Amino acid sequence: MKLLSTKILSEEQVSRLTQAGFEVSHYDSLTIALLDFEIPEAATHCIFSSQNAAKAFVENNPGIKLYEVYCVGEKAALLLEENGQKVLEIGQNAADLAQKIIKNHKNEQFYYFSGNLRRPELPQLLAQNQVVFHEVPAYETQLNYPRFETAFETVLYYSPTGVQSYHKNNQNTNYTAICIGETTRSEAVKFTTHTATALHTTVDGVLDAAIQHLEKA
């Protein structure tokens, strides 16, 4: 079965998929540029839209000052924990994290580190519930738009922008989209009726879901 990953995989990850029965192709749907910025002195409660936002924050925090942080995704949380930060909340997606902040931390003032293509749900929900936050641009995303001759039967997506990247120049709709989370799946269903969502919001979680789907086929 022909599979496309919209993120470059490691040799070990490719081998794992190959052993499961996939013929693997992969590319990076996104090009990420981390930005230089100063972390405001008032920033004690920090929200991160993604692992890339967390990476940019770590690079701009050489003194490893301790912050209380709130993250979309397990990878972002792990990176921040490994760099001395106190993770208070982890959301499976932006809307999920916003609901946790509104429920448990509404009276705090936040600094929100995000990218130029970030989803609107989190800031919209915070604003609607009178949660005070200041947005800090942490990275920029540029989409790549390759064209493939192969009609892939399975495509792995790690973000909504990955779906947009693939479908800009490819009309294939007869495939199964394996998605890292529900937000990504909500974008994928615009192009295919066959979808599955990973149990864990990590690359390996997406691979697990792809292999499980193949075993059930």
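**Helix α4 and its neighbours**

Hi everyone, let's start with a helix pair: α4 and helix α5 (residues 121-128) pack at an angle of about 25 degrees, and their axes lie 8 Å apart. Axes here are lines fitted to C-alpha atoms, for helices over the stretch in contact, with angles running from 0 to 180 degrees between N-to-C directions. That makes α4 roughly parallel to α5, a label for angles under 35 degrees. On the α4 side the contact (heavy atoms within 4.5 Å) is made by A94, A95, L97, A98, Q99, I101 and I102, and on the α5 side by E121, L122, L125 and L126.

A quick word on the source: this is a predicted model, where local features need pLDDT of at least 70, side-chain atom pairs count only at pLDDT 80 or more, and totals for chains, interfaces and linings use all residues. Residues are numbered from 1 along each chain as its sequence is written, and side-chain values use heavy atoms, leaving out hydrogens and water.

Now to A94, which sits in helix α4 (residues 94-104); helices are DSSP runs of H or I with at least four residues, and strands are E runs of at least two, numbered from the N terminus. Is A94 buried or exposed? A94 counts as buried because its relative accessibility is 13%, and the cut-off for buried is under 20% relative accessible area with a 1.4 Å probe, protein chains only. Leaving aside neighbours within four places in sequence, A94 touches V72 and L122.

V72, in turn, has G91 of β6 as its bridge partner.

Definitions and conventions: Pairing = 2+ DSSP bridges. Buried < 20%, exposed > 50% of the residue type's maximum accessible area, 1.4 Å probe, protein only. Parallel < 35°, antiparallel > 145°, perpendicular 65-115°, else oblique.
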